[in-house]
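Hello,

Here is the structure I promised to pass on to you. Please open it beside this email and follow along as you read.

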Amino acid sequence: MTRQPAEPLQLDYLIRAGAIHSMTGETYRSVGLRGPEIVAVSATPDGLDDLAGGGTVAVDAGDLTLLPSFADSHEHLMEASRNTLLVPVDRATSVAEFTGMVAAAARDAAPGAWVLTSMAWHESNLAENRRGGHFAIASTAALTAAGIGPGTPDPPGGKIGHLPGGSLDGTLEGGVVYRVAAFAPGSARGQLVEGLARSSAAYAALGVGTIREAMINTDELLAYQDAAEQHKLSVRVRPMIRVGNELTGDQAIALIDGLGARSGFGDDWLRIWGLKFVMDGGVEGGALEQPYANDPANSGHLNWDPAVMTRVCVDAVSRGWRIGTHAAGDRAVRVLLDVYEAVAGQVGPLPPGTLVIEHALLSDPAQRGRAVEGGFGVTVQHCLLWNMGSEMVTTWGPERTRQVNPVDEWLALGASLAAGTDIVRPFNPMTNVWGMATRGTKAAGVQGQEHAISVATALELYTMGTARLNGEADRLGSITPGKLADLTAYPADPLTADPDDLAGLTPAFTIVGGQAMYDPDGLLAS
Ligand SMILES: [Zn+2]
């Protein structure tokens with residue numbers, strides 16, 4: 001099949017490849033790009049030759065397979081970028097190394113200056129680069145600056161740690177982390193822009209074309225706007241603005257009403273997705289229906305009072321906002337469904353995907369049915385199981401770990417899913433695809449093989465799935481004339497390769513918006 005526009009045109013790029021998978025069911029052999037868009041495709045390698053002219057870059061890549069660039073439905077690009085500006089404790093392999101890095105940074109800092117560490121670490125295994133985003137440790141000076149003393153009560157959904165004698169031990173859990181961090185000076189906006197430039201290029205180098213940014217504040221939105229205007233983003237960004245649970249309901253409504261925009265504002269490079277709420281913790285702190293396997297007195301915590309959150313969400317969706325809410329444990333998912341159903345009940349029918357459940361690591365069949373019935377979107381991140389499977393086995397037990405993110409069961413119910421990472425550093429999407437297709441993990445073996453899906457389905461959730469979630473299925477997510485030219489080339493065909501060969505597969509080049517964002521071998525050079 002050859003599809004050409006009515007008017008003659010000259011392509012900027014004519015790419016002939018071994019296979020070009022549209023991800024909507026077609027396979028082509030050549031694709032033509034002009035400006036930021038895909039303008040023509042052909043089932044034959046020479047089918048678009050008439051559209052080439054003197055200014056056309058012809059790329060003969062018969063050994064490569066083209067896919068739509070990956071669209072990550074849940075990743076923290078800003079946090080990953082900021083981490084590159086902070087003390088890189090995520091690189092420490094021991095407590096001694098970790099504290100040595102902090103001490104060295106404190107020595108170099110001006111007296112009274114804050115020392116902030118990267119959040120891409122986890123205390124239980126420093127070498128493995130897990131995230132500590134729901135926990136923090138603050139010095140006495142930092143706690144004092146934030147007005148937190150030994151007698152300060154725990155905020156709802158948060159915990160201020162104490163030593164046996166009653167004095168503060170410096171540990172913070174839940175929303176109170178942000179309350180203290182708010183007193184630290186932010187990175188200068190110019191630094192954030194440079195961090196975004198570097199980090200977004202690293203994601204593009206792994207085949208990513210779009211990131212739904214899972215949590216920023218309004219200052220960080222300004223940094224994104226600067227980066228986009230200065231053409232420093234190598235990936236498209238769809239940000240979610242944080243509505244923190246440290247706020248009262250009235251404060252949260254005031255924040256939302258003061259934003260002065262709504263979901264969808266922006267352009268093809270930077271478009272606001274919506275608002276972000278956090279209902280519970282993660283592997284430690286997720287709200288569970290049954291107690292923790294390693295702590296029978298504990299079943300996690302909820303950050304929001306459901307009635308308060310319902311009131312805030314009704315205000316938000318009435319003003320045109322989409323909402324994504326972090327809910328890791330099955331109790332958090334159930335309570336979030338209560339909230340979302342109440343919101344829909346009060347506001348009336350909402351467009352599908354207005355309300356989204358982020359993660360739903362644990363869920364039961366009834367909850368999955370309610371989510372599908374309500375038209376609520378769900379983002380799934382196999383690589384959380386990949387990365388933290390061992391911790392899940394310890395904290396949740398082996399049976400619950402095998403049931404994490406049962407993508408097959410969600411799909412069987414007709415759920416609207418989008419795949420992503422939530423790993424807070426550049427991560428190879430093909431490792432995630434391999435994981436979805438095998439249920440393999442980094443250090444916990446295969447977990448719940450019965451929930452494996454096909455490579456083709458995994459790729460679809462990671463391209464069209466996210467495009468649908470973002471309300472851009474007509475503009476992104478497949479290799480189709482009229483859509484944006486976001487394509488990634490691989491030296492093997494993922495649809496025919498052995499899934500076990502995919503985990504380490506990396507791109508030969510990545511094009512976003514018709515621009516070569518990653519091209520180490522100069523294949524796209526004129
Ligand atoms: Zn997240």
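A residue counts as buried when its relative accessible area is under 20%. By that cut-off, strand 6 is mostly covered, since six of its six residues are buried. Before you go further, please keep in mind that this is a predicted model.

**The sheet around strand 6**

Strand 6 runs parallel to strand 10 (residues 208–213), and four bridges join the two.

**A hairpin**

For the antiparallel sense, go to strand 19 (residues 509–512) and strand 20 (residues 515–518), which pair over three bridges. Threonine 510, for example, has tyrosine 518 in strand 20 as its bridge partner. Strand 19 and strand 20 form a hairpin, with two residues between them. In the turn sits glycine 513, which has a positive phi of about 60 degrees.

**Two helices side by side**

How do helix 7 and helix 8 cross, and at roughly what angle? The axes of helix 7 (residues 249–258) and helix 8 (residues 306–318) come within 9 Å and cross at roughly 15 degrees. An angle under 35 degrees counts as roughly parallel, so helix 7 is roughly parallel to helix 8. The crossing of helix 7 with helix 8 is right-handed. On the helix 7 side, the contact is made by Gly249, Asp250, Ala252, Ile253, Ile256 and Asp257; these meet Val308, Arg311, Val312, Asp315 and Ala316 in helix 8. The residues of this contact are six nonpolar, one polar and four charged.

**A buried asparagine**

Last, please look at the loop between strand 12 (240–242) and helix 7, where asparagine 245 has its place. Is asparagine 245 buried or exposed? The relative accessible area of asparagine 245 is 9%, so asparagine 245 is buried. Leaving aside residues up to four places away in sequence, asparagine 245 touches Pro156, Gly175, Val278, Asn303 and Trp304.

Enjoy exploring, and do write back with any questions.

Best wishes

Note on methods. Residues numbered from 1 in each chain as written. Predicted model: local features only at pLDDT ≥ 70, side-chain atom pairs only at ≥ 80, totals over all residues. Heavy atoms only, no water. Axes fitted to C-alpha atoms, helices over the stretch in contact; angles between N-to-C directions. Parallel < 35°, antiparallel > 145°, perpendicular 65-115°, else oblique. Left-handed = near helix turned anticlockwise from the far one by under 90°. Contact = heavy atoms within 4.5 Å. Nonpolar A, V, L, I, M, F, W, Y, C, P; charged D, E, K, R; others polar. Pairing = 2+ DSSP bridges. Buried < 20%, exposed > 50% of the residue type's maximum accessible area, 1.4 Å probe, protein only.
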